[in-house]
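Student: Can you walk me through this one? Keep it brisk.

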Amino acid sequence: MDTPLKKEKFIQINIVVKDIRKAAAAWGKILGIETPKIRENHLESSEEYQYTYRGKETSCDLLVCDIPMGQFVIELHQPVEGESSFREFLEKHGNGVHHLGFEAG
């Protein structure tokens with residue numbers, strides 16, 4: 001790798017879940033914190049941002065929960081409507097780590 005990733009630039013672990021309310025409560029209990037808040041998120045293309053899935057413009061709705069962990073965040077996603085890589089992952093693998101996020105550039 002020409003430019004190695006720097007561990008201090010690790011900013012996110014994204015976990016796709018079937019039941020975000022249950023997952024948020026479990027994470028809260030494990031970490032000894034209040035159950036994290038859940039919000040709705042709608043993804044679709046705009047002038048500044050192109051949202052695609054499998055090469056086609058699309059839109060999707062997610063329930064999202066952010067759990068701050070100091071230098072990074074655990075982000076839970078539950079697909080609700082529309083096609084997305086989150087829904088595909090959940091259907092193929094069930095609950096699990098979808099991606100890691102690094103700050104780049």
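**Strand 7 and the rest of the chain**

Tutor: Start with Phe 102, which sits in strand 7 (residues 96-102). Strands here are DSSP runs of E with at least two residues, and helices are runs of H or I with at least four, numbered from the N terminus. This is a predicted model: local features need pLDDT of at least 70, side-chain atom pairs count only at pLDDT 80 or more, and totals for chains, interfaces and linings use all residues. Residues are numbered from 1 along each chain as its sequence is written, and side-chain values use heavy atoms, leaving out hydrogens and water.

Student: Why does Phe 102 count as partly exposed?

Tutor: Because its relative accessibility is 32%. Buried is under 20% relative accessible area, exposed is over 50%, and partly exposed lies in between (1.4 Å probe, protein chains only).

Student: OK, zoom out. How many helices and strands are in the chain?

Tutor: Two helices and seven strands. The order from the N terminus is β-α-β-β-β-β-β-α-β.

Student: What box do the C-alpha atoms fill?

Tutor: Roughly 40 × 40 × 25 Å, along the principal axes.

Student: And what share of the residues is buried?

Tutor: 34% of the 105 residues.

Student: What about contacts between residues at least 6 apart in sequence?

Tutor: Of those, 57% join residues at least 24 apart. A contact means heavy atoms within 4.5 Å.
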